[in-house]
Structures are given as C-alpha cells and as structure tokens.
Amino acid sequence: MIVIPNVGPATPARWRKRGSSLQWGVLLTLMVLIYGSHAPLIALTKVDGQVPFSPSSCVVLIELSKLLVSLATLLVSGEASALYTPPSPVLVAPYAVPALLYALNNNLVVLMQAHMDPSSYQVLTNLKIASTALLYSFCLGRRLRPVQWSALGLLMGAGVCHSYSSLRSGDLEQAAGDFSTRLHVTAWGVSLVLLYCFVSGLAAVYTERVLKSQRLPLSLQNLYLYAFGVVINGVTYLSSDTKEKGFLEGYSGAVWAIIAGQAANGLLMSVVLKHGSGITRLFVVSCSMLVNALLSWAVLGLELTPLFLLPVTMTAVAAYLYYT
C-alpha cells in the first residue's frame, strides 16, 4: 500500500497541509509522467510497424505485478493477519466487477477499430470525460458546481483539440484520397463508443465507491482487486488467438518498462480513488498529453504543430477552474 501519512499531531496545521499537498503533487506528477510515456514506449517496441509481443500477456503480467506488490506491502505493513482469516464472499465479490468492466473495455477497443478510422476513435473516446463526470455525480451523489461542469467541458474540448492537432496535414490528405483510411464512423461504431465511454466511467466510479465504502487496508483491497484481474485477464489470454506467440515472445526492455510503469500507475490510481476523486484521473490523463507530445518529439522525431499549445492551455485553465 502506498500511504500518504499525516505529518504528526504536533505539527502546525499549515505545515501539515503543506506536507500533504507536496505528497499529492509528487504522486500526481509521477502518474502524469507514466501516462505520458506509455504511447512512446509502445512505439519503441514496434518491429516493422507491428507490436512483436502479445498485448494480452502483457496485461496479465501488469495485473500480476500489482498483485505481488500489494501482497508484499500487506506483509511489510504488519497487516498480514488479515490473510489468516478466509474472507467473506460478500466482502470480496464486489472487487470482481471492476476487473470484468476493464476486460470488457479492452475488447470494445478492438471492436471499435473495425467500425471507424483510428483518428475518429481518438477524438470520440474523449466523451468518456463526460460519462465519468455524469456517473460520478449520479452514483456517488457528488454535486458539481456550474463552474466545475464548465471546466470538465473545457477538458473534453482540450482532448478533442489534442487529437486533431496530432494529425498531420499529410495524413488528412491521404485519408481524403484513400478509401481504406478515409475518416468514417458507422452507426454501430457510434453505439460501441457510447458503450465504451459508459463502461469506462462506470469502472472508475464503481472502483472508487468500493474502495471508500469498506474499512479495509488499501493493500488488502488491492489484493482482492488484482487477484480477480489476474484470473480474468489470464482466461482472456488463454481464450485469445494470440497463443501461437510464446507468452514472453518479443519482450524487450521497453516492454518491461511498460509493465513496470502501468503496474505502478494502477497502484497509484488506487490511492487517488481511495483518498481523492476519480475526476482527478481525468485531469492526470489530460495533462499527460504534454509529456506524450514532448517524448514523441524528442524520441520518435514527431512534429509538433503550433495548435498543440491550444489543448495544453485549455487543460491548464480547466484545472484552475475545477480546483479553485
């Protein structure tokens, strides 16, 4: 478990608050860096334009890593006694739901690609910001002020602008002239996008509700959560068509960096959901676009357009409006 402890009862309130703010700042900055480096790392693993490893085996290893870290943290923190008593099925069962929802979303991502071009997918999936905010307000009973709704709308607009700014003019011209890559979205594709955004928001909101509603150590809750994740994603791997590849075939240093980063991000996100808010995750993902773009420029040689400054500014203004 990653703990953000109190500074101490004798510490003046302003120092206690300052220390807590510093810890949250470090945690969120680390998450932004990990999120932002994810896509460039995947690009570095590609061989002849193709990912040489099995993505489903990678997901299994990410879930297994989070499970092992949660178990180690539980043992180190002196709370291992919780493992000696068999848990109640009623207590554990809710942790299976997020794993099922995330597994469903992974399959929806694949299905959506068959009913729309990649650029449309990149733009339309920004709707999950709206779905998460609506479910957050409805399911958790959190009332958002009008200025906060405006901030989330601005954040969604920033995502759309960033998706558009990442398209080079040459790509747009090619899409216009080549039917196979032309911008298109079918009616079934729109339905899948709406379902994807709903499931994505529901998974985040439901996980936050479960983590906050049970008075259990976070490391124990993570243990339950990721145990289901390993089982469900393991079954998905065994039933997929990627078994002709070896489980670790095509793995490189960059792939292991992806696994370590995504495992760390999952554990950090559980801290945010337990002690903070799922809305914070939306801002983390949006802020990571700056890291993503800079790494893509420095490592992959991709071109940055002046339009890129617009979504960065919109995200900064949205964060200021929401949290002030």
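Lys212 has a relative accessible area of 32%, so it counts as partly exposed. On that scale, buried means under 20% relative accessible area, exposed means over 50%, and partly exposed is in between, with a 1.4 Å probe and protein chains only. The partner of Lys212 is Glu208, and the closest N and O atoms of this salt bridge are 2.8 Å apart. Glu208 is buried, because its relative accessibility is 1%. The term salt bridge requires a side-chain nitrogen of Lys or Arg within 4 Å of a carboxyl oxygen of Asp or Glu. Both residues belong to helix α9 (residues 187–213), and because they are four residues apart, about one helical turn separates them. An α-helix has 3.6 residues a turn, so residues three or four places apart point the same way.

A word on the source. This is a predicted model, in which local features need pLDDT of at least 70 and side-chain atom pairs count only at pLDDT 80 or more, while totals for chains, interfaces and linings use all residues. Residues are numbered from 1 along each chain as its sequence is written, and side-chain values use heavy atoms, leaving out hydrogens and water.

How many salt bridges does a search of the whole structure find? The search finds two. Besides the pair in α9, Glu63 forms a salt bridge with Lys66, with 3.0 Å between the closest N and O atoms. These two residues are three apart in helix α2 (residues 55–76), about one turn. Here both Glu63 and Lys66 are buried.

Next, the cysteines. Searching the whole structure for disulfides, meaning pairs of cysteine sulfur atoms within 2.5 Å, gives zero. Cys139 is partly exposed, because its relative accessibility is 30%. Cys287 is also partly exposed, at 32%.

Now the chain as a whole. The protein chain has 13 helices and zero strands. Of the 324 residues, 41% are buried. Among contacts with a separation of 6 or more, 84% join residues 24 or more positions apart, a contact being heavy atoms within 4.5 Å.

In α11, 17 of the 23 residues are buried. Helix α6 (residues 128–139) has 12 residues and reaches 16 Å from first C-alpha to last, close to the expected 16 Å. Its buried residues include Ile129, Leu135 and Tyr136. Just after α6, Gly141 takes a positive phi of about 65°.

Thr280 is in helix α12 (residues 278–299) and is buried, because its relative accessibility is 14%. Leaving aside residues up to four places away in sequence, Thr280 touches Leu28, Val272 and Tyr323.

Last, the surface. The protein chain exposes about 17,000 Å², with carbon and sulfur atoms supplying 68% of that. Leu44, in helix α1 (residues 13–45), is partly exposed, because its relative accessible area is 46%.

Technical notes
Areas by Shrake-Rupley, 256 points an atom, 1.4 Å probe, with all protein chains shown as cover. Expected span 1.5 Å × (residues − 1).
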